Amino acid sequence: MPIPFDPNRVQKVKDDFLAADALTKTLNPELLKSWQRSKDAIGVPANIRDVPRVADDLLDAHLLDMFQAPLARVSDDLDGTGMGLLLADSQGRILQRWSHDHNALDHLDRLGTVRGAVLAEDVVGTNGVGTVAATGRSVQISGAEHFADFYSQAVCTGSPVRHPITGKLLAVVTVSSDLSERSGLLRPLVTSVTMQLEQQVLDVEQPAARMMFSSFLETVRAHTGPVLAFGPQGLVMQSQKAGRLTVADLNLIQQHCAGERRSGRLALELSTGTVELQVNALGDDAGVVV
């Protein structure tokens, strides 16, 4: 049955079409492509009701161990800014979040951005984690640029971490906060952080550093407490359980242990009290595991 001609309806559709065409020319083409991918995968934003999560045993613990120490230091620098720091794997799954700021943690909680959260673009639409994972490019997604409505008060700035030799996408680093006029400053910050992490990967490729990293991982699997490793070129590794140590604690432990040539035990006064350290010195100038 033919639809009756309605000049008012046709005019409205025409006006909307022309206005939309003019508006899209002012938007980043990459954002429009992300919206289209999100629409193809999800349909409409209303279909996104929550953020799914995966179990801890599906997350890459080795990747987190490699990047825990430098990201913890960056997080200390962000203290009091209202910003949360995120590490995700190449599939957009959150491996860890860092912040000493209660406002930032409340912000992340409201968005469902917790360890194990799946922020892949085809799951929650355009965002500063999943869109980086989908494209391999740095992005900043602000407010309504997100596909899901519950991100409308957030700004997320993300950048890829690539293997410096193979170019493979390893991870995504993102800074997330409420909407702010300072957001334009975040892109160079996040890019600088990912460059540090790629240098960390490159350092681990060195033979002595590989020995240190291998010993570190073995110790993490066998030991129930915090584990640290100090290797050549100033390389530092920190297990997830060592995340509760302060930067001052880490510096003090490194000062006492990094140059050790013999294994042994020592007692040290940290911010949490007196602790006993088991220092395992590695051969071939590969450093120590503590």
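The following is a conversation about a predicted model of a protein chain.

Visitor: What does the secondary structure of the chain come to, and what does the trace span?

Guide: The chain has 9 helices and 10 strands. Its C-alpha trace spans about 90 × 40 × 35 Å along the principal axes. Buried residues make up 45% of the 290 residues.

Visitor: Why is Ala-154 called buried?

Guide: The relative accessible area of Ala-154 is 1%. Buried means under 20%, so Ala-154 is buried. Ala-154 belongs to strand β4, residues 154–162.

Visitor: Which residues is Ala-154 in contact with, leaving aside its neighbours within four places in sequence?

Guide: Among them are His-107, Leu-111, Ile-141, His-146 and Asp-178. To count as a contact, heavy atoms must be within 4.5 Å.

Visitor: Asp-178 is in that list. What makes its pairing with Arg-110 a salt bridge?

Guide: The closest N and O atoms of Asp-178 and Arg-110 are 3.4 Å apart. The limit for a salt bridge is 4 Å between a side-chain nitrogen of Lys or Arg and a carboxyl oxygen of Asp or Glu, so the pair qualifies. Asp-178 lies in strand β5 (residues 169–178) and Arg-110 in helix α4 (residues 102–110), so this link joins distant parts of the chain, 68 residues apart.

Visitor: How many salt bridges does the structure hold?

Guide: The structure holds 8 salt bridges. One of them pairs Arg-37 with Glu-121, with the closest N and O atoms 2.6 Å apart. Arg-37 is in helix α2 and Glu-121 in helix α5, so this pair ties together parts that are 84 residues apart in sequence.

Visitor: What makes Arg-265 and Glu-276 a salt bridge?

Guide: Their side chains meet at 2.8 Å, N to O, and the limit is 4 Å. Arg-265 is in strand β8 (residues 264–270) and Glu-276 in strand β9 (residues 273–281), 11 residues apart. Both Arg-265 and Glu-276 are exposed.

Visitor: How do you know that Asp-203 has no salt bridge?

Guide: The nearest side chain of opposite charge, Arg-210, is 11 Å away. A salt bridge needs a distance within 4 Å, so Asp-203 has none, and Asp-203 is buried. Asp-203 sits in helix α7, residues 186–204. Leaving aside neighbours within four places in sequence, Asp-203 is in contact with Ala-209 and Leu-235.

Visitor: What span does helix α2 reach, and how does that compare with the expected value?

Guide: Helix α2 (residues 29–42) has 14 residues and reaches 20 Å from first C-alpha to last, close to the 20 Å expected at 1.5 Å a residue.

Visitor: What caps the N-terminal end of α2, and what comes just after the helix?

Guide: Asn-28 caps the N-terminal end, with a side-chain oxygen 2.8 Å from the backbone nitrogen of Glu-30. Just after α2, Gly-43 takes a positive phi of about 100 degrees.

Visitor: What puts the buried residues of α9 on the same side?

Guide: In helix α9 (residues 247–257), the buried residues are Asp-249, Leu-250, Ile-253 and Cys-257. They cover an arc of only 95 degrees around the axis, which puts them on the same side of α9. Ala-248 and Gln-255, on the other side, are exposed. The cover over the buried residues of α9 includes α3 (61–77), β8 and β9.

Definitions and conventions
Residues numbered from 1 in each chain as written. Predicted model: local features only at pLDDT ≥ 70, side-chain atom pairs only at ≥ 80, totals over all residues. Heavy atoms only, no water. Helix = DSSP H or I, 4+ residues; strand = E, 2+ residues; numbered from the N terminus. Buried < 20%, exposed > 50% of the residue type's maximum accessible area, 1.4 Å probe, protein only. Lys, Arg positive; Asp, Glu negative; His and termini not counted. Expected span 1.5 Å × (residues − 1). Polar contact = N/O pair within 3.5 Å; in protein donor to acceptor, adjacent residues only side chain to side chain. Arc of directions from axis to C-beta.
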